[in-house]
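Please look over the structure shown here before reading on. The paragraphs below go through it step by step.

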Amino acid sequence: MFDGISTQLLLGQILIGLINGSFYAMLSMGLVIIFGMMHVINFTHGAQYMLGAFCAWLLLNYLGIGYWPSLVLAPLAVALFGIFLERVLLRPLAGLDHLYSLLATYAVALIVEGLVRIKYGSTGLPYDNPIPGGVNLGFMFMPYYRLWVVAFSVVTCVGTWLLIDHTKLGAYLRAANENPQIVQTFGINVPKLMTLTYGFGVGLAGLCGVLAAPIYQVSPSMGSSLMIVVFAVVVIGGMGSIIGAVATGYMLGIVEGLTKVFYPEAASVVIFLFMTVALYLRPQGIFSGREAN
Amino acid sequence: MRLPLLAAVVAVAILLVAPFYFYSVTLMTIMCFVVFACSFNLLLGYSGLLCFGHAMFFGGAAYITGHLLKTTPMSLELAILCGGIFSGLLGLLIGVLSIRRQGIQFAMITLAFSQFVYFIFLQSSFTGGEDGMQAIPRNALFGLFDVSDNAVFYYVVLAVTLVCVFVYYRIVHSPYGEVLKAVRDNQPRVESLGFNPERVKLLAFVLSATMAGIAGGMKATVYQFATLTDASWPISAEVILMTLLGGLGTLTGPIFGAGIIIMLNDYLAGFGEWALISQGVILLVVIVFFRRGFVGEFDALTRYLRGRRAEAAVTKPENSVQAL
């Protein structure tokens with residue numbers, strides 16, 4: 001069946017696809033959570049991912065704080081930046097047409113990326129691998145760090161899903177998404193819930209950035225191109241479901257890996273091609289039961 | 001003579017003599033972006049659809065026009081028109097798919113599609129990939145007139161721009177334009193009146209894409225090269241900024257917006273990153289403080305002053321005719 005294509009190459013690309021898929025899954029989950037709660041499409045997501053990576057790099061190079069503490073500190077810093085943004089920028093725009101909040105988040109991304117580029121240049125900055133070495137799987141050499149990324153992202157995604165689907169806080173979130181006024185009359189502080197949701201989604205992006213720092217180089221533009229692919233992933237999965245976003249993320253990571261084996265020229269467009277087909281066959285998204293509006 | 005007509009005549013008169021006082025390439029760039037921004041305003045300002053990938057129509061048509069001029073003896077105006085038609089067809093294809101998803105997600109989908117188109121251009125051989133398409137000739141206009149000199153070509157660009165702006169004006173003020181605005185403001189009501197809002201929006205998307213294509217084809221002939229930058233998403237964002245800065249849903253807004261941003265880019269070209277940062281800052285300031293944009297705020301101000309003057313005069317009974 002796979003004439004001319006070695007099993008080694010195939011399995012290797014599937015694993016690399018799974019790693020890319022981990023990032024797609026976590027980033028699109030953050031986008032869907034923010035959209036579901038606030039109806040904001042967060043164009044700053046890519047910049048916030050980049051900020052997470054930069055925070056980790058700064059912590060290491062200026063304060064000597066290593067990878068493991070950064071894994072907590074950097075996302076927190078990015079989340080705080082998100083909370084600040086939500087309070088001063090998105091809240092005042094909440095009553096207006098959604099296009100204004102979308103464009104405002106885009107403007108912030110433009111400013112943040114530009115400032116980082118002025119301060120640190122466009123070239124990538126290296127970040128040392130915290131778990132060197134790897135294991136020989138027989139068909140390929142698997143660095144430990146990549147295994148860690150995949151495992152960690154699965155745990156994060158499942159954890160977030162459990163938090164939203166099986167806890168009281170998650171129930172408030174879902175209720176506030178359906179009908180904010182009624183939830184408010186029950187004495188729940190909906191604006192605060194929104195701020196926290198945005199902070200959480202943005203923090204997830206920051207976390208992805210820290211995870212990505214040792215694999216990809218830390219550079220100002222690392223987020224913007226990735227963000228567009230993640231948008232396509234979210235469109236395919238549908239805006240209505242967290243599990244849908246996560247599953248689509250992993251799936252498309254693998255699909256992209258497989259395309260690199262069978263038809264490398266199409267690897268950069270295969271996700272967009274998938275989006276085209278998905279929009280044609282299931283306009284509401286493959287995991288959405290109803291039109292997510 | 002009515003005031004707007006007078007203003008239009010004065011503007012055309014200024015444009016006719018402008019190349020004697022200003023650098024003609026800058027003026028032509030501004031006009032290309034005026035057409036581009038008008039096309040965008042037709043979509044966002046009058047139908048409420050936020051397309052975050054308009055550069056694919058602009059850059060795509062630039063390649064098509066350039067390719068036709070390079071490989072065929074086609075006359076200049078036909079090549080630009082073919083660029084527009086290509087973008088219109090691309091718009092039809094993408095519009096059919098994107099309009100199926102409601103609301104603000106349209107922005108996300110069109111951005112993803114534009115990246116798709118960008119990658120296709122990157123890998124196609126005819127576009128020259130990262131190097132771009134060089135040395136696009138300016139074939140004779142109507143197959144007769146030589147327009148290779150910028151001093152002459154300026155008037156070709158001016159003529160195309162005036163035709164496009166006039167068409168844009170006619171579309172906005174046509175019965176179709178009224179339906180379009182109604183769809184933007186209250187879609188269920190339009191649907192209940194027997195219109196098909198999806199089709200109305202799709203037509204707006206195709207018209208807008210065609211016009212953006214003409215702007216792109218024109219730019220390829222002005223600079224005589226076409227690059228990936230023209231099809232990249234920062235250009236999509238720039239046209240949003242132009243339209244918003246000028247005034248969303250105002251007739252002359254895009255004209256001012258395009259002029260201001262192109263001149264600003266020209267001025268900030270030497271400052272590297274600061275050009276993009278200043279675009280971000282301007283966008284934020286417009287969104288937070290001046291959502292009506294340059295022309296919109298100006299209109300509001302004159303209306304306010306006129307209102308005060310009317311108040312000072314004898315209060316007449318209002319003779320506004322309510323629409324049925």
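Two residues are in contact if their C-beta atoms, placed from the backbone, lie within 7 Å. By that rule B:Cys32 touches B:Ala215, B:Met218, B:Lys219 and B:Val222, leaving out residues up to four places away in sequence. This is a predicted model, in which local features need pLDDT of at least 70 and side-chain atom pairs count only at pLDDT 80 or more, while totals for chains, interfaces and linings use all residues. Residues are numbered from 1 along each chain as its sequence is written, and chains are lettered from A and ligands numbered from 1 in the order in which they are written.

The score pLDDT is the predictor's confidence in each residue, from 0 to 100. Chain A averages a pLDDT of 86, and 96% of its residues score at least 70. Helices (H or I, at least four residues) and strands (E, at least two) are DSSP runs, numbered from the N terminus. Within chain A, confidence is lowest in strand β1 (residues 134-136), with a mean of 79, and highest in helix α2 of chain A, with 92.

Chain A has 11 helices and 2 strands. Along the sequence, these elements of chain A follow the pattern α-α-α-α-β-β-α-α-α-α-α-α-α. The radius of gyration (taken over C-alpha atoms) can be set against the globule rule, which is 2.2 Å times the number of residues to the power 0.38. For chain A the radius of gyration is 19 Å, close to the 19 Å that the rule gives for 293 residues, so chain A is as compact as a globular protein of that length. Taken along the principal axes, the C-alpha atoms of chain A fill a box of roughly 65 × 50 × 35 Å.

Next comes burial. A residue is buried if 20 or more other C-beta atoms lie within 10 Å of its own, exposed if 12 or fewer, and partly exposed in between, with C-beta atoms placed from the backbone. Of the 293 residues of chain A, 50% count as buried. Among the contacts in chain A with a separation of 6 or more, 76% are between residues 24 or more positions apart.

One stretch of chain A can be followed residue by residue. A:His39 lies in the loop between α1 (7-38) and α2 of chain A. The phi of A:His39 is near 55°, a positive value in a residue other than glycine. Is A:His39 buried or partly exposed? A:His39 is partly exposed, because 16 other C-beta atoms lie within 10 Å. Helix α2 of chain A covers residues 45-63, which makes 19 residues. From its first C-alpha to its last, this helix reaches 26 Å, close to the 27 Å expected at 1.5 Å a residue; the expected span is 1.5 Å times one less than the number of residues. Just after α2 of chain A, A:Gly64 takes a positive phi of about 70°.

Chain B is built from 13 helices and 0 strands. Its radius of gyration is 20 Å, close to the 20 Å that the globule rule gives for 324 residues, so chain B is as compact as a globular protein of that length. The C-alpha trace of chain B spans about 70 × 50 × 40 Å along its principal axes. Of the 324 residues of chain B, 48% count as buried.

B:Cys32 counts as buried because 26 other C-beta atoms lie within 10 Å. Another residue of chain B, B:Gln224, is in the loop between α9 (197-223) and α10 (233-246) of chain B. B:Gln224 has a positive phi of about 60° although it is not a glycine.

How do the two chains meet? In all, 31 residues of chain A are in contact with 30 residues of chain B. On the side of chain A that touches chain B, the elements giving two or more residues are α4 (98-120), α9 (224-237) and α11 (270-281) of chain A. Helix α4 of chain A gives the most, with 14 residues. The residues on this side of chain A divide into 23 nonpolar, 5 polar and 3 charged; Ala, Val, Leu, Ile, Met, Phe, Trp, Tyr, Cys and Pro count as nonpolar, Asp, Glu, Lys and Arg as charged, and the others, Gly among them, as polar.
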